[in-house]
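This report goes through selected contacts in a protein model. The sequence and the structure come first.

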Amino acid sequence: MKQPRAWQRMLSGRRLDLLDPTPMDIEIEDIAHGLAFVARWNGQTRGDFAYSVAEHSLLVEQIYARQNPANVRWQLAALLHDAPEYVIGDMISPVKSAVGPNYGELDLRLTAAVHLRFGLPAVLPVLVKKAIKAADKISAWLEAVQIAGFSESEADKLFGRPDSAVMRGLEIKLRPPAQVRADYVARHLELLAALKI
């Protein structure tokens with residue numbers, strides 16, 4: 001019996017094997033392009049453009065940097081925290097629960113390959129991962145209230161009420177995918193330059 005195809009051709013020409021991804025098959029332009037066209041909240045947001053995972057990742061990195069300004073390396077990890085979604089999409093939590101552990105295993109393999117490609121450890125230190133998750137929850141609260149139609153009290157129950165000082169001046173603006181893609185690549189390059197990788 002022939003095995004089903006488990007690889008995807010990227011716009012860069014790379015062939016990414018989803019079951020056995022290698023760092024050599026990862027390109028930031030492919031990640032940025034894919035994430036700029038993947039909608040968060042299953043597309044159920046206000047505005048003329050979908051709120052993309054790329055835009056979300058830029059916001060998470062900004063929040064993380066506010067809370068952890070001293071470590072550019074982990075800011076890069078924050079920017080890349082949802083990178084696997086460029087090929088597996090952004091599943092909302094209820095769907096992830098329904099799919100089961102296979103989704104998590106696939107995500108972990110892709111994350112490890114992405115991290116290694118850009119000079120990060122395959123598995124992040126626990127404290128760094130927790131800090132990125134905290135920034136991710138703040139982003140989710142902002143998104144829920146500003147563009148996804150949640151009341152503040154509803155968002156508080158789901159994500160916890162963020163510190164107002166951390167949120168100061170953060171406003172979600174929906175932009176065309178091409179602009180978000182370019183900003184994602186530019187921010188990635190800035191962080192790499194700061195790390196001198």
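## Basis of the report

This is a predicted model, in which local features need pLDDT of at least 70 and side-chain atom pairs count only at pLDDT 80 or more, while totals for chains, interfaces and linings use all residues. Residues are numbered from 1 along each chain as its sequence is written, and side-chain values use heavy atoms, with hydrogens and water left out.

## Helix 2 against helix 10

Helix 2 (residues 53–67) and helix 10 (residues 177–195) have axes that come within 9 Å and cross at roughly 35°. Helices (H or I, at least four residues) and strands (E, at least two) are DSSP runs, numbered from the N terminus. Axes are lines fitted to C-alpha atoms, for helices over the stretch in contact, with angles from 0 to 180 degrees between N-to-C directions.

On the helix 2 side, the contact (heavy atoms within 4.5 Å) is made by Ala54, Glu55, Ser57, Leu58 and Glu61. Helix 10 contributes Val180, Asp183, Tyr184, Arg187 and Leu191. Five of these residues are nonpolar, one is polar and four are charged; here Ala, Val, Leu, Ile, Met, Phe, Trp, Tyr, Cys and Pro count as nonpolar, Asp, Glu, Lys and Arg as charged, and the others, Gly among them, as polar.

## Aromatic rings

Rings of Phe, Tyr and Trp (its six-membered ring) pair if their centres lie within 6.5 Å; planes under 30 degrees apart count as stacked, over 60 as edge-to-face and the rest as tilted. The count comes to two aromatic pairs. One of them, Trp41 with Phe159, is edge-to-face, at 6.2 Å centre to centre and 85° between the planes. Trp41 lies in the loop between helix 1 (28–36) and helix 2, and Phe159 in helix 8 (residues 152–159), so the pair ties together parts 118 residues apart in sequence.

Ring pairs link Trp41, Phe150 and Phe159 into a cluster. Trp41 is buried, at 18% relative accessible area; buried means under 20%, exposed over 50% and partly exposed in between (1.4 Å probe, protein chains only).

Glu85 lies in helix 4 (residues 85–88) and is buried, at 4% relative accessibility. Beyond its neighbours within four places in sequence, Glu85 is in contact with Leu35, Val38, Val53, Asp90 and Tyr103.

Leu18 sits in the loop between strand 2 (15–17) and helix 1 and is buried, with a relative accessible area of 18%. Leaving out residues up to four places away in sequence, Leu18 touches Ala6, Trp7, Val87, Leu106, Arg109 and Leu110.
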